[in-house]
Amino acid sequence: MTNYLVTASIVTFNNISTIESTLRTLKEQTQGVRLHLYVIDNSSHDGTLDFVADLDPNIELVRIPWNVGFGAGHNLILPRLRSKYHVIINPDISLSEDAITNMARYMDENPDVAMLSPRIVYPKTGEPQILGKRNPRLKYLFASRLRRGKLAHRLLHEYAMTNEMNFGKTFDIENATGCFMFIRTETLQKIGGFDERYFLYFEDCDITRSLAKQGRVLWYPHATVQHAWKRESKKNFRLMLIQIESMLRYFWKWRFGGKKT
């Protein structure tokens with residue numbers, strides 16, 4: 001067992017239906033490091049934060065009076081962190097193994113690594129989720145929205161690098177999903193956390209590129225987490241518009257390598 005602290009933050013907005021499994025499995029499975037959890041609530045109206053407070057008094061709660069978005073919510077606790085590593089976790093993640101200790105030990109042995117992205121699977125089937133590991137391009141985004149047909153299928157697998165990499169081994173990636181990010185805390189603080197100009201969507205692609213300028217970003221298949229992926233933007237017109245706005249912001253920002261604009 002290591003004796004240092006690992007912190008984790010979960011930003012919630014009406015997540016009472018999934019958050020219990022997330023918090024319970026994090027506590028049950030994380031045995032090899034000291035884990036301190038923050039739950040930052042974006043003004044939920046379903047009782048999420050009160051539910052969390054009753055569930056575990058050791059969780060540090062941050063109540064925001066309005067919805068500031070995903071990245072800005074995580075950034076709120078950034079100045080408080082005194083940990084060696086910090087984990088960004090969605091409220092629909094669950095664990096069936098001690099993935100956090102596993103990833104911490106790998107980072108200990110590889111000081112050139114800034115962030116790890118674990119193997120992410122569906123909870124019921126255990127099948128891997130096809131998630132982008134290359135930088136976003138328009139053709140990949142259109143394929144992701146369609147998800148049907150031979151061309152979309154081919155492009156999605158190209159985006160996820162499934163046809164060219166050995167997924168039993170660790171390898172460098174350009175893009176990591178924001179549902180579970182294991183990051184060296186000092187590096188996260190050095191870059192200032194998430195770019196808060198993204199309310200939702202593409203902030204994970206953006207921060208991956210920023211972290212990659214500081215160290216390696218790796219796909220790490222030796223730790224697995226479950227993700228109850230609902231793809232809400234395909235069902236909600238407002239979320240789709242937010243996704244399009246974030247996409248445009250992302251492409252504009254990184255057109256010349258990511259200089260602030």
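A cavity here is a set of grid points where a 1.4 Å probe fits but cannot get out. With that idea in hand, let's explore this predicted model through a few exercises.

**Exercise 1. How many cavities of 30 Å³ or more does the model hold, and which residues line the largest cavity?**

Solution. 
- Step 1: Start with the count, which comes to one cavity of 30 Å³ or more.
- Step 2: Ser9, His74, Asn75, Ile77, Leu78, His86, Ile88, Leu188, Gly193 and Phe194 line the largest cavity.
- Step 3: Sort the lining by class. Five of its residues are nonpolar and five are polar, with no charged residue among them.

**Exercise 2. What is the volume of the second largest pocket, and which residues lie closest to its centre?**

Solution. 
- Step 1: The volume of the second largest pocket is about 290 Å³.
- Step 2: This pocket is lined by 15 residues, and those closest to its centre are Lys27, Leu35, Leu37, Asp56 and Asn58.
- Step 3: At least two lining residues come from helix H1 (19-29), and at least two from strand E2 (34-41).
- Step 4: By class, the lining of the second largest pocket has seven nonpolar, four polar and four charged residues.

Now for the helices. Two packed helices are described by the angle between their axes and the distance between the axes.

**Exercise 3. Are H1 and H2 roughly parallel or roughly antiparallel?**

Solution. 
- Step 1: Find the angle. H1 packs with helix H2 (residues 48-55) at about 30 degrees, and their axes are 11 Å apart.
- Step 2: Apply the cut-off. Angles under 35 degrees count as roughly parallel, so H1 and H2 are roughly parallel to each other.
- Step 3: Note the handedness: the crossing of H1 with H2 is right-handed.
- Step 4: Name the contact. H1 brings Ile19, Glu20 and Leu23, while H2 brings Phe51, Val52 and Leu55.
- Step 5: Sort the residues of this contact, and you get five nonpolar, no polar and one charged.

**Exercise 4. Helix H5 packs with H9: at what angle, and through which residues?**

Solution. 
- Step 1: Helix H5 (residues 138-146) meets helix H9 (residues 237-253) at an angle of about 165 degrees, with 12 Å between their axes.
- Step 2: Angles over 145 degrees count as roughly antiparallel, and H5 and H9 are therefore roughly antiparallel to each other.
- Step 3: H5 and H9 cross in a right-handed way.
- Step 4: On the H5 side, the contact uses Leu138, Leu141 and Arg145; on the H9 side, it uses Met240, Gln243, Met247 and Phe251.
- Step 5: The classes in this contact are five nonpolar, one polar and one charged.

**Exercise 5. How is H5 placed against H6, and is their crossing left-handed or right-handed?**

Solution. 
- Step 1: H5 and helix H6 (residues 150-159) pack at about 120 degrees, their axes 8 Å apart.
- Step 2: That angle makes H5 oblique to H6.
- Step 3: The crossing of H5 and H6 is left-handed.
- Step 4: From H5 the contact takes Lys139, Tyr140, Leu141, Ala143, Ser144 and Leu146, and from H6 it takes Ala152, Leu155, Leu156, Glu158 and Tyr159.
- Step 5: In this contact, eight residues are nonpolar, one is polar and two are charged.

Methods:
Residues are numbered from 1 along each chain as its sequence is written. This is a predicted model: local features need pLDDT of at least 70, side-chain atom pairs count only at pLDDT 80 or more; totals for chains, interfaces and linings use all residues. Side-chain values use heavy atoms; hydrogens and water are left out. Axes are lines fitted to C-alpha atoms, for helices over the stretch in contact, and angles run from 0 to 180 degrees between N-to-C directions. Helices (H or I, at least four residues) and strands (E, at least two) are DSSP runs, numbered from the N terminus. Angles under 35 degrees count as roughly parallel, over 145 as roughly antiparallel, 65 to 115 as roughly perpendicular and the rest as oblique. A crossing is left-handed if the near helix is turned anticlockwise from the far one by less than a right angle, and right-handed if clockwise. Contact means heavy atoms within 4.5 Å. Ala, Val, Leu, Ile, Met, Phe, Trp, Tyr, Cys and Pro count as nonpolar, Asp, Glu, Lys and Arg as charged, and the others, Gly among them, as polar. On a 1 Å grid over the protein atoms alone, a cavity is a set of points where a 1.4 Å probe fits but cannot get out, and a pocket is an open set with protein on both sides within 12 Å along at least five of seven lines; lining residues have an atom within 4 Å of a point. Grid points are joined across faces, edges and corners, and a volume is the space filled by probe spheres set on the points.
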